[in-house]
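Visitor: I have a structure to go through with you. Can we take it one topic at a time?

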Amino acid sequence: MSAAAESPVVDSAPGVVSRLTAGKTVPILVVVAAIIAIWYAFAVYLNAPGQIDAYERAGEEWTATQFLRDTLAQERPVLPSPHQVVSEIWKTTFTIKPSSKRSLVYHGWVTLSATLMGFAIGTLLGILLAVGIVHHRAMDKSVMPWVIASQTIPILAIAPMIIVVLNAVGLSGLLPKALISTYLSFFPVVVGMVKGLRSPEAIQLDLMHTYNASGFQTFWKLRWPSAMPYLFTSMKIAVAISLVGAIVGEMPTGAVAGLGARLLAGSYYGQTIQIWSALFAAAAIAATLVAIVGIAHRLVLKRMGMAA
Amino acid sequence: MEGASVQPASGSVVQANGLGLTFQTSDGPVEALSNVDLGVGKGDFISFIGPSGCGKTTFLRVIADLEQPTAGSITVNGMTPREARRRRAYGYVFQSAALYPWRTIEKNIALPLEIMGVARGEKMERIARVLDLVDLKGFGKKFPWQLSGGMQQRASIARALAFDADLLLMDEPFGALDEIVRDHLNEQLLKLWDRTNKTICFVTHSIPEAVYLSTRIVVMSPRPGRVTDVIESTLPKERPLDIRESPEFLAIAHRVREGLRSGHSHEV
């Protein structure tokens, strides 16, 4: 009797543990904790020489705890500690007016607007090129090699030239940066959409042929819907790469605003905390954008009855 | 034999004379069809049977203007296949249902009607009618993946019927289905043929299926693809499933089997 009463308790204990470890939460938390621990260890290790120098110059005596605390609270550390970065992000995001040039929101918005514009133009351009490539043999042979060649040129080399040339013809501000995003983001869309528009099976194309469907009808009723999963997958890559393009576009011209400018200014003045918070802001924006495209992907496929 | 199979051009839906088709492949030319003479009369149910590579599917595709013959001549409704296709003279049912996965069954059936510019009211009416005809009433709003293989193939038949072409071309439509489902669909197809008065060209590799369904059976053999026998069925138009055990049925099936065997003996 007592054994029977006890057994559920014995069973439930491993049940809870295994349920937690079987899910995603525990593994993710473990990995994050490990990364943070490693980060702290490196922060102490990398900032130690500078801290020891500082003590010696000041002729101070120091204890181990004081040393540990000081290495993690330097003003210009080699590697800022996680809590320094977090508090910097908090300070520059929530305590400063978004219109201020010291606000991370302000710089983030500058970069985000260029990213979105570049992504929109890049996606449109990519789709148009893919449609041309799929429908015209000559374009397939002539354009595709150039599309691939365009991506072998380092963007860092070409970005300043684009900015300078566009400035010379009177275009400045958002558009030149957006065009660098475009330059990077159209590529995955072209490649994905060419594959997507060619994905209908021969039998599905034959079916259209038996209906005597026009090229436009075949495109609109068969090729375009078939390409949707490919489009969204490419757009996920394109939107992340657009952000990289926008940041790169802000660096070579000594732009005064944007996450790229923030990174550059940080490296000029040894403001490593500022650099790291800009990096994390960029990563957060990229993750959010990719997630939004992912949600759009799911919604569209669900409407098309193909929810995965 | 070949002389007997040529029908007078008047009233024939498909008329092929000396038809040949040679594919140019990297291994050299392949003669998919050679010197095919065949007439298909209005209201016929013709089966094409033979081993793979005998050109039965190719012949169907030539009728549908999906392949171009390299010799001889062929007319569909007295026109060239291209002209016939432009006038939407036939409905084609493929080996797989080939339903578009992002369209509901209803929208799949609507596809040819959309392309042909049928008005909305008439479209809905036709969809309802053909869904009823293939016994899929109430499944219009489902997506293809929600239906079984047999139901999907019935939906694809409904799609081919939707625009009222007089000629139905069916390329092994039940080949991928299990025997029980296939029997059921064969029975339904005969009823449908009886009700709609269509001319049906039906490709199969199953002898019982060919004998059960057809008014005429065209036996073909490969390398080169050609017609070796044309068998007129003596079975009545009314055919319950158990007619397949009647001596008459078995006699026809025997002749088909002999035809297939003699076709093979050529190459040995």
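Visitor: In what order do the elements of chain A run from the N terminus on?
Guide: They run α-α-α-α-α-α-α-α-α-α-α-α. Chain A has 12 helices and 0 strands; helices (H or I, at least four residues) and strands (E, at least two) are DSSP runs, numbered from the N terminus. The radius of gyration of chain A is 27 Å, well over the 19 Å that the globule rule gives for 308 residues, so chain A is more spread out than a compact globule. That radius is taken over C-alpha atoms, and the rule is 2.2 Å times the number of residues to the power 0.38.

Visitor: Before going on, what are the ground rules here?
Guide: This is a predicted model: local features need pLDDT of at least 70, side-chain atom pairs count only at pLDDT 80 or more, and totals for chains, interfaces and linings use all residues. Residues are numbered from 1 along each chain as its sequence is written, while chains are lettered from A and ligands numbered from 1 in the order in which they are written.

Visitor: What pLDDT does chain A average?
Guide: The average is 88, and 92% of the residues of chain A score at least 70. pLDDT is the predictor's confidence in each residue, from 0 to 100. Two residues are in contact if their C-beta atoms, placed from the backbone, lie within 7 Å.

Visitor: What does the C-alpha trace of chain A span along its principal axes?
Guide: About 90 × 85 × 35 Å. The domain assignment gives chain A domain 1 (2-79) and domain 2 (104-303), with bounds from an automatic or database domain assignment. Their C-alpha centres lie 38 Å apart.

Visitor: How many residues does the contact take from chain A and from chain B?
Guide: It takes 15 residues from chain A and 16 residues from chain B. On the chain A side, helix H9 (202-210) and helix H10 (215-250) each supply at least two residues. H9(A) gives the most, with 6 residues.

Visitor: And by class, what is on that side of chain A?
Guide: There are 7 nonpolar, 6 polar and 2 charged residues on the side of chain A that touches chain B. Ala, Val, Leu, Ile, Met, Phe, Trp, Tyr, Cys and Pro count as nonpolar, Asp, Glu, Lys and Arg as charged, and the others, Gly among them, as polar.

Visitor: Over to chain B. How many helices and strands does it have?
Guide: Chain B has 9 helices and 9 strands. A compact globule of 268 residues would have a radius of gyration near 18 Å, and chain B agrees with 18 Å. The C-alpha trace of chain B spans about 55 × 40 × 40 Å along its principal axes.

Visitor: Which domains does the assignment give for chain B?
Guide: Domain 1 (2-89 + 165-265) and domain 2 (99-164). Taken over C-alpha atoms, 25 Å separate their centres. In chain B, 11 residues of domain 1 are in contact with 11 residues of domain 2. Helix H7 (residues 179-196) of chain B provides the largest share of the domain 1 side, 4 residues. By class, that side has 9 nonpolar, 1 polar and 1 charged residues.

Visitor: What is the strand order in the open sheet of 3 strands?
Guide: The order is E2-E1-E4 (chain B), with antiparallel pairing; two strands pair if DSSP finds at least two bridges between them. Strand E2 (28-41) and strand E4 (71-76) of chain B are at the edges with a single partner strand each, so one side of each is left without a neighbour in the sheet. The twist averages 20° from one strand to the next. Axes are lines fitted to C-alpha atoms, for helices over the stretch in contact, and angles run from 0 to 180 degrees between N-to-C directions.

Visitor: How many bridges do E1(B) and E2(B) pair over?
Guide: Strand E1 (residues 12-25) of chain B pairs with E2(B) over 10 bridges, in the antiparallel sense. The two form a hairpin with 2 residues between them. Gln15(B) is opposite Gly39(B) in E2(B), and Gln24(B) has Pro29(B) as its bridge partner.

Visitor: What about the sheet of 6 strands, which order does it have?
Guide: E5-E6-E7-E3-E8-E9 (chain B), open, with mixed pairing. The twist averages 15° from one strand to the next.
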